[in-house]
Amino acid sequence: MTATAAASGGAVRNLTRGQWRLLLGGTALGLLGVVCTLAQPVLLADLIRSAGDHRPVAGVVVALVVLFLLDAVLSAAQGCLIGRAGENIVRDARVLLSGKVLRADRAHLDTQRQGDLHTRLVADTSLMKIALTQSLAQIVLNGLIVVGAVVMMAFTDLWLLLIAVGCLGIAGTGSVWLARALRRAALANREDIGDFGADLQRVLTALTTVKAANAEGREQRRLAESADRARVSGNRVTVLNALFTPALNVGLQASLAAVMGVGMARVVSGSISLADFSAFTMYLFYLVSPLVLVFLSIGTYLQGRAAVQRVDELDTLPQEDEHPAGTTDPADGRSGALADDSAARPAPQGDHPAVEFRDVSFGYGDRPVLEGVSFTVPAHGLTAVVGASGAGKTTVFQLIERFYRPGGGAILLAGRDIAHLPTAEIRGRVGYVQQDNAAMRGTLRENIVYAAPDATEAEIAEAVELAGLTEVVAELPDGLETLLGDQGTGLSGGQRQRLCVARALLQKPDVMLLDEATAHLDSDAEAALRDSLRGIAERCAVVAIAHRISTVAEADRIMVLDEGRVRAVGTHTELLGNDALYRRLAATQFADGPVGERPEPEPVPDGSQGAVPGSGPVPEPVPAALPGAGAVL
Ligand SMILES: Nc1ncnc2c1ncn2[C@@H]1O[C@H](COP(=O)(O)OP(=O)(O)OP(=O)(O)O)[C@@H](O)[C@H]1O
């Protein structure tokens, strides 16, 4: 993320402006408190004069007590209002930024570390509150007390004031230098804390891998190094912070000593009355605490500014373009279960394919992954996508979902270029069962209805049945209300996969993308799901990155991807006959697949080459069951 946000003021400034009423109210109360504070030495001098002149002092004493009490009440009220404004700003910042993260452009989000995002959203927003409200209020109000005290002191005795200010000025210059260093140190410390958060997140999300690899010790050392970097930069902040007060105190003590010495001499010489000198001394004492607070608050403020900078940077995350949350695009009916919104969804004009790629190219960063990919997926039926690992199969799916935008060419859904469709419509029309399990903490029901929160009980039951989850749900102690842990712990890998299938089914999409959705299923479960898919494929287009030959053999058409290009398209029988890569993939799968699932091997004519639409040069045929061919059928 860039640092430009800090320069532009960005989100945090706008959020702060939104709390102007509370901030203004708090500041107004604080100002009244300042007046009360500054009036106290005046009354004190009056008290001394009255006592010296043997006049009654009761009225002055009562007035002083009232001022003290009022001062305390105003200070408390001011703290409450400013504190509330601070909490509101933090809440608004967290809501705004979590929305930004959730709607961030995937290509940019991929470059961010999750733990750092977490630190910015949680810890930096808290620190920012202190800077924007408490510290700023302290600086303003105590600054006013300092200015007011200096003015009153100037009226009382200019010479004494010059002496005091001279001593304080020297101390103040050193403090300004310290403040600059503190700001730099604080920013470095926030970054180090962000790094620690990122490292922690990394191990927490892969805890099973860490344990299985016996890597707890290694990871703890890595975390310790990260924590140590944060400690070192934190120490630097502490040292600079700690130097503030003594640097200032030296100046204060020097000025007190000088004022006392010179002041007493001036009282003795009659240049100043004892009452005025007492008032001057009280102002000087009153000056000490606010002055220290001003400088301490500047320190805290500067640390908070570092957090504000990081929060503002998060606000600049590029976003997926989409319609604002809560609005419904006229062309978009996806707000709940399909049963409710299918009527609102515009019917495709004409007889368009469900999905069409036209000369699509794409790369992650500078690295090309897909080149000149063209294919169509009919509105119904099962299309299988096969190819070696890394061929670009998942990338094709991610482009259909518009997680990324193609570098060239066009992708059409029901004849409409997705470049011009609202993101919500695309994702409403496309159901996606991703390669990695996508279950979340929450109940089984919450997980299943995640893409269709308004689904009816009957629709849920149907989706559960179609995904082969009915028995699983029946055996769970709390059925659909069973609570799952992070990443769906509590279910087996295959059960989680079926849960994801149920979720996508409930969405009743026009296109269903299955990325190796049967990878974790046993033969029976896979056969049951295949039956379901056959039914689903009559209603919508099913595109499956196929893991098993059984799925592929049943597909209405198969697309073979090879190094980012469509190499061949055809049925299982056609491809066995004319595509060497497909034969190789199939042969490897035959060797690995469960016996009962293997279709009869087709005779493979020696040296036959793929006369396939859009195919590139086909390599020489390879022997069947080539070891390490990386088949993913
Ligand atoms: N987010 C990403 N950033 C950078 N490169 C990526 C990213 N995702 C995938 N790739 C790269 O793009 C290429 C295609 O990946 P993709 O996941 O589409 O392949 P695949 O055919 O689905 O493979 P598999 O069958 O192993 O899942 C791979 O070389 C991969 O390393």
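Predicted model: local features only at pLDDT ≥ 70, side-chain atom pairs only at ≥ 80, totals over all residues.

Student: How many helices and strands does the protein chain have?

Tutor: The protein chain has 21 helices and twelve strands. Of its 633 residues, 41% are buried. If you take contacts with a separation of 6 or more, 82% of them involve residues 24 or more positions apart.

Student: OK, on to the ligand. Which residues are closest?

Tutor: The closest are Y364, S389, K393, T394 and T395, out of 13 residues that surround the ligand. By class, that shell has seven polar, four nonpolar and two charged residues.

Student: Which helix gives the largest share of the shell?

Tutor: That's helix α12, residues 393–400, with three residues.

Student: Why is α12 described as largely enclosed?

Tutor: Because six of its eight residues are buried, the rest of the structure largely encloses α12. The buried ones are K393, T395, V396, F397, L399 and I400.

Student: And what follows α12?

Tutor: R402 follows α12, and its phi is positive, near 55 degrees.

Student: Switching topic: how do α15 and α17 pack?

Tutor: Helix α15 (residues 457–466) and helix α17 (residues 493–506) pack at about 135 degrees, and their axes are 8 Å apart. That angle makes α15 oblique to α17. The crossing of α15 past α17 is right-handed.

Student: Which residues make the contact?

Tutor: From α15 you have E459, I460, A463, V464 and L466, and from α17 there are A502, L505 and L506.

Student: How does that contact divide by class?

Tutor: The contact of α15 with α17 has seven nonpolar residues, one charged and no polar.

Student: Last one, V542. Where does it lie?

Tutor: V542 lies in strand β10, which covers residues 541–545.

Student: Is V542 buried or exposed, and why?

Tutor: V542 is buried, because 26 other C-beta atoms lie within 10 Å, and the cut-off for buried is 20 or more.

Student: What is V542 in contact with, leaving aside neighbours within four places in sequence?

Tutor: V542 is in contact with L382, T383, M512, L514, L533, I536 and A537.

Student: And how far is V542 from A354?

Tutor: Their C-alpha atoms are separated by 9.5 Å, with V542 and A354 being 188 residues apart along the chain.

Notes
Residues numbered from 1 in each chain as written. Near = placed C-beta within 6 Å. Helix = DSSP H or I, 4+ residues; strand = E, 2+ residues; numbered from the N terminus. Nonpolar A, V, L, I, M, F, W, Y, C, P; charged D, E, K, R; others polar. Axes fitted to C-alpha atoms, helices over the stretch in contact; angles between N-to-C directions. Parallel < 35°, antiparallel > 145°, perpendicular 65-115°, else oblique. Left-handed = near helix turned anticlockwise from the far one by under 90°. Contact = placed C-beta atoms within 7 Å. Buried ≥ 20, exposed ≤ 12 C-beta atoms within 10 Å, placed from the backbone.
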